[in-house]
Amino acid sequence: MTEVALTWSVRRDFTAGSTTVRPAAGRPDQPLIALLDDADLDAPLSLIVDFADVPESALETVSSLLAGWAAARRAGPELLLAVSPDTPAGRLLSALLGRQAILSAQPATVTRALATSGRAHRYLTNDRRSPAAGRRLVTDCCRSWGLDAIADQASVVVSELVSNAVQHAGSDLDLTVAHVDGVLRLSVRDRTAHPPLTADATTVEGVLGERGRGLPIIQALAASWGFLTFADGKTVWATVDAGPQ
């Protein structure tokens with residue numbers, strides 16, 4: 001199905017742990033499905049698709065695209081649709097998506113009530129103590145999810161992710177830990193769209209509690225890694241193989 005010529009934006013709510021995709025003013029940029037794929041990786045607790053500004057002429061096409069995308073999705077954060085279930089748009093989306101999404105006129109309320117199994121989220125300040133806080137979260141998650149064998153490896157990886165962000169991004173951070181499809185996924189979201197840089201311990205004196213050794217350590221220990229850029233920041237992620245479950 002061909003996408004309609006709508007422009008979509010992605011915005012992250014750090015404190016709520018949600019990522020919202022909504023129509024925006026301007027020229028069409030990234031297609032909706034590509035944005036959904038990126039936002040699905042970026043959202044720690046919930047991915048919200050806001051239908052408030054979707055024109056009626058595009059509603060059926062957008063709804064069908066979203067339904068197809070959701071049906072092929074195996075895992076990820078809770079999918080919330082910001083639309084009243086009692087409106088024509090809400091009834092159409094409910095019929096197309098069924099239980100694959102939650103419809104709510106106030107999705108932020110639903111987000112705060114979520115208790116998502118296998119996912120954890122921590123808001124971190126730009127502080128030299130944040131790498132240690134990230135390690136503690138990952139260690140606790142590994143113990144809770146029966147992943148003790150990779151706890152040390154994952155802790156080093158997340159420490160480098162957070163250290164790199166503290167040193168180079170200079171912003172508050174969003175840490176997400178998720179156990180999905182046999183891997184532990186570690187994601188750090190900051191508020192600068194500049195690509196991640198390798199930390200140079202000789203250029204920063206006393207900034208980090210433990211020197212950020214940077215991306216080479218992540219490359220050596222992680223099964224895979226990468227980054228996503230958005231208008232309001234970027235997410236640097238890495239995966240650690242959790243082994244047979």
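Analyst: In what follows, Ala, Val, Leu, Ile, Met, Phe, Trp, Tyr, Cys and Pro count as nonpolar, Asp, Glu, Lys and Arg as charged, and the others, Gly among them, as polar. The model is predicted.

User: How do the residues of the lining of the largest pocket divide into nonpolar, polar and charged?

Analyst: The largest pocket has 18 lining residues, with Asp40, Leu41, Ala75, Val180 and Arg185 nearest its centre. Helix H1 (32-42) and strands S7 (173-180) and S8 (183-190) each contribute at least two residues to the lining. By class, the lining has 7 nonpolar, 4 polar and 7 charged residues.

User: What is the volume of the largest pocket?

Analyst: Rolling a probe the size of a water molecule over the atoms shows where empty space is left. For the largest pocket, the volume is about 430 Å³.

User: Are H2 and H3 roughly parallel or roughly antiparallel to each other?

Analyst: The axes of H2 (residues 56-72) and H3 (residues 88-97) come within 9 Å and cross at roughly 30°. Angles under 35 degrees count as roughly parallel. H2 and H3 are therefore roughly parallel.

User: Which residues of H1 and H2 make the contact between these helices?

Analyst: H1 and H2 have axes 10 Å apart and pack at about 45°, which makes H1 oblique to H2. Their crossing is right-handed. The contact residues divide into 7 nonpolar, no polar and 2 charged. H1 supplies Leu32, Ile33, Leu36, Asp37 and Asp40, and H2 supplies Val62, Leu65, Leu66 and Trp69.

Key
Residues numbered from 1 in each chain as written. Predicted model: local features only at pLDDT ≥ 70, side-chain atom pairs only at ≥ 80, totals over all residues. Heavy atoms only, no water. Axes fitted to C-alpha atoms, helices over the stretch in contact; angles between N-to-C directions. Helix = DSSP H or I, 4+ residues; strand = E, 2+ residues; numbered from the N terminus. Parallel < 35°, antiparallel > 145°, perpendicular 65-115°, else oblique. 1 Å grid on protein atoms, 1.4 Å probe; cavity = no way out; pocket = protein on both sides within 12 Å on 5 of 7 lines; lining within 4 Å. Points joined across faces, edges and corners; volume = space filled by probe spheres on them. Left-handed = near helix turned anticlockwise from the far one by under 90°. Contact = heavy atoms within 4.5 Å.
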